Every structure is written in C-alpha cells, then in structure tokens.
Amino acid sequence: MPNTITIDPVTRVEGHLKVKVELDSSNKVTTAYMTGNLFRDMENILKDRHPWDAIHITQRICGVCPVSHAIASVKANEQAMGFTPSSQATLQRTVIQAGNYLQDHILHFYHLSLMDYIIGPQLNPWSPGYDVDMRINSSNTQRLINNYLEGLKVRRQAQEMVAILAGRVPHVMSIAPGGVTMPLEAGLITQMKSYLATVKDFINNKYLPDVEILTSAYSDYFTIGQGPGNFLSYGVFDQADGMLFKSGRLAQGVSESVDPEKISEYVQYSYYSSPSGLNPAKGQTTPAYGKSGAYTWLKAPRYEEQVYELGPLARMNINGYYNGKVSVMDRIKARALETQKIAEALTGWMN
Amino acid sequence: MLDAVNELGPKAKYILAIGTCASFGGVVKPSTYTGIKTVKEVLNGRTRNPIINLPACPAHPETMVGTVVTLLTKGLPKLDSYGRPTQYYPTTVHNNCPRRHTEMVDQYGAFGCYRGIGCKGPETTFSCPLLKWNNGVNWCIDKADMQCISCASPSFPEGPFYYGGMGSGDMGSGGMGSGGMDSGGTSSNQSSSIVNSIKSKSKSY
C-alpha cells in the first residue's frame, strides 16, 4: 500500500489545484496526480455567439492574465477576417500586455512563491504558514517581507499604468477588432512613463536582488525540478519587426519551429466524453463528471505526443536570453530576468 | 465550496456576494452543464441578514472595502431590490456618463456617445463612471472609448457586445480606428450604412 500525500487545495496558485502523490518505501514519488478542480464550460459558452464576444468572455478565464486571452481572441478574429491592425495599434496592445506581465511576475515571486521560503509575521494571512527548511536569516527575511508589502503597491501601480491604456485591468476594454479603441496622447504617455519608472526601480533594486538572496540560500534547488526538458513558446510582444520573444521550440535542446497542427489534447484521465487526442482547432469539450478512471478537469495537451514546458524559462531559453539550465530556481531567476527585460523594452516602446 | 457556503452561511452575521458570478450567475450563467447558482439561490432564507450583492466583473475593490467599512461602523447598508448597496448602485451607468450629452458616434474609438451602436450603459446599474477603475485612472467608456458591456448586471454576459451585433460579418463596418490613426482595413462607406440601419431600427431617445 503506497504512502499517499494529498494537498487540496494547493494554495497561492491561480486556479483550483489538487495534488496527490504516491511514495515508495524510500519516500520517492512513484506516481503523481495533478487535478484541476474547476470547470466553467467556457468553450461551450462561446458557441453560437458573435465571435467578437470572445474578446470579453475569454478574459474571464483568468483575472491575472486576462490580457493574453483578449489578445489571442482578437488576433483569432482578425486572422479569420484577413485583417492586420496598424503598427501603432499593435504596439499599444504590446504595451498593455507588457505592463500586465510586469505585475504578474512581481505577484508570482513575492505574493505566491516567497512564502514557501520564509516565515512571515505572525499575523493573518501569513500565519499559519509553511515553516519547514527555512534558511534565510532574519534580517533578509525582514527585507523580503518589506518588499512583499511594497510589491503589493508596485503591482497596483503597474496595473494603473496598463489601465490608462486599456480602460481597466483586469478585463481590459480597449482591445478590439481592428486595433485599439483608445487614442494615445502625450499627457497619458507621460503619466505611464512615471509609473514605469517606479516599477523599474522596484524591479532592479528590489526584485532582482531578492531573487539573488533566495537563489543563494537555496542553491541546491538548482538541481531539482528538471521537468520534461522540452520548451515551447508561441511568441509574445508584437513589434514592427517581429516579436520581442519569438515563437519556437527546444526539443531536448534542439531548436525547432512550432506547428500548431501538431498539438493534441488528450482526455483519457479527464472528465470528458468527447474524443481524446483532438487538435484544439477541431476541439470538442463534452463534460462527463464521474467518468471511470478520470481524476481531473484538465485536458492533457501534447506536442507530437511529448510534454512541453512553457512560461518565462521557456521563452528566455528559446530566445537565447537565459543560459539554458532548468530547475526550480532557474524558473524563478528566468522570470525575474524576463521582467527586467520587459521593463527595459517598455521604455523603448513608450518612446 | 458549496459545503462551506452551506455550513458557514447560516452562521455568518453578514454575507457579501462579491462579483457578478456570486450575485447573479455572471459569465458562467449560459452554461447548461455547470449548474451554477448565486449565493442567494444557495442560502435563500437561511441567513441572519439579507445577502449583500456587489456585482461587477471584475468585482470593484471600492465597493468591497467600502461595504465592509460600513458593516463594521454602521451596520447593514441600504440595499435595493437586487440586494445591492444603493450607495454604490444608485442609478444606471448612462445617467452618470460624461458622454451623455455628446454627439452620438458610429464607431468605438471615436469620442462621443455609443448609445446608438449598442452601449449597455442605459440598462446597467452601477456607479463606475464615478468610481472608475484602477484608482480612478480610467474606465471603460471615458478615455478608453469603448462601450459598456453591462458586466455588473443580472443579464451579463448577454450579447452580442459590439454594435448590438449589427456590425457582424464585415470588418469594414466595425473599424476601430485607433484614435484617428491608420487602422488598416476600415471602409467608411460600410460604417454609415450600418449606422443608418441601426438608427432606423432603434427607438428615438
């Protein structure tokens, strides 16, 4: 009878996640079950609706990353209509997206990840908290907590910067088929630049040094969490001359291109009676809770039958902006460096 | 989550249904499978005080914090027939909209009133023109030049959102000139004929 550990819900993630692992007699994980516990039927809600509505409905999938959904929806609509927005509109969308990434990454490091590694003040919501294997000394811990709190403010300011251009965040309004509804004036750009200066200062003087503190204290974490070893990115941040992070694939270290036709979504262990292995362009989503053998609402996407990792580490490795190593700490570090890179790029885009 | 609501709801002094999903069903309401229920549908008649609905999508932080402060300092705020605090849901978006007496325009991105092309401000009760979003830097209509999609109302996400659906099927008619700058494939001939058809179908205001 294997030893089983179940964590439900996994806290400090966006979404509803349950993890169950089975351990052998030497406490090594033999099987792991990742359960997505939420199903909202967004795929079917979109059917029989005007396709432009997707721009707003899909944003409600996530309050942290709604811009990605808005941009994906609007691009799908524009491609279907054979339309290309102007470079100015594209740049405005890129700036909206980039600003959102800044707040998102700061959130991830300080407000989602950090409490795994430090003990916070003995108050709600930090207490009760995780308290195993805490290695950071008390003065650095204090510094990290202070930056955690300041990070809440800086995040808000990054969102305000985005909202100047997007109408509001989350659930942006100004991204629309054809371009962006909001015209830009010099006064607004100046306002955005001052927000950007604050955020950049935080990234360079607090976020990056704090990542250093963490990675030095947990340097053995550079050897765990190797993942599947394959990376994929669809590319992000359109500019006049191509994307800042180009799309691409690293299959066991070999650079390849991305062909969306090669993606399949498998549902053997998922609560769906629709066929398994469909390409998303011909996808079906027929929910069937209680299906025998199924344990999750998540479909299992595969590229050419292989598991691929996406995210900051993938984007940075594929584009040669990171040294290519893979681990728990590499992911945290790559995310921080990506944040810095985006903040730099924003300065250029705003000019 | 349902178990928690059922167990704790009857014991709680006050209950806030935060966001349109909790108040009215929200974006998931059209789903025939999920069986989504509002807080009121789950707890009706079993709560110590009336449930306070704070709809908006996303939920507006000022309504949340303001209502909590009112609860702590004064007690239950005055609620309308939908359970919303009248302080934050006094009247329609339209009645407070700064574009109200401006010229009606036929596309988003142009400065003016979007009532003729499907803005849902007139049928949505919320004070967002006054509260605005993100610390007051902007909101959906003013400066963003986009219509209201009624995210705070019981009917959300009833659509189509853009142009009341009449601009469908043709990019030329829906052109979002990004503020007068080159937007690529727009064709103004199309826009005006769509506007004429909308005007002839809509009531006079």
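Begin by selecting α4(A) and helix α8 (residues 328–350) of chain A, which pack at an angle of about 150° with their axes 9 Å apart; the axes are lines fitted to C-alpha atoms, for helices over the stretch in contact, and angles run from 0 to 180 degrees between N-to-C directions. Helices here are DSSP runs of H or I with at least four residues, and strands are runs of E with at least two, numbered from the N terminus. α4(A) and α8(A) are therefore roughly antiparallel to each other, a term for angles over 145 degrees. Their crossing is left-handed, that is, the near helix is turned anticlockwise from the far one by less than a right angle. The contact (C-beta atoms, placed from the backbone, within 7 Å) includes A:Leu91, A:His105 and A:Phe109 in α4(A), and A:Ile332, A:Arg335 and A:Trp349 in α8(A). By class, this contact of α4(A) with α8(A) has 14 nonpolar, five polar and two charged residues, where Ala, Val, Leu, Ile, Met, Phe, Trp, Tyr, Cys and Pro count as nonpolar, Asp, Glu, Lys and Arg as charged, and the others, Gly among them, as polar.

This is a predicted model, in which local features need pLDDT of at least 70 and side-chain atom pairs count only at pLDDT 80 or more, while totals for chains, interfaces and linings use all residues. Residues are numbered from 1 along each chain as its sequence is written, and chains are lettered from A and ligands numbered from 1 in the order in which they are written.

α4(A) passes α5(A) in a left-handed crossing. Among the residues that make the contact are A:Gln92 and A:Tyr110 of α4(A) and A:Tyr148 and A:Leu165 of α5(A).

Next, select β6, β9 and β10 of chain A, three strands that form an open sheet in the order β6-β9-β10 with antiparallel pairing; two strands pair if DSSP finds at least two bridges between them. Four bridges join β6(A) to strand β9 (residues 248–251) of chain A, and the bridge partner of A:Asn230 in β9(A) is A:Ala251.

Then select A:Thr30, which lies in strand β3 (residues 29–36) of chain A. A:Thr30 is exposed, with 10 other C-beta atoms within 10 Å, the cut-off for exposed being 12 or fewer.

Finally, show both chains: the contact takes 42 residues from chain B and 43 residues from chain A.

Note on methods
Two residues are in contact if their C-beta atoms, placed from the backbone, lie within 7 Å. A residue is buried if 20 or more other C-beta atoms lie within 10 Å of its own, exposed if 12 or fewer, and partly exposed in between; C-beta atoms are placed from the backbone. Angles under 35 degrees count as roughly parallel, over 145 as roughly antiparallel, 65 to 115 as roughly perpendicular and the rest as oblique.
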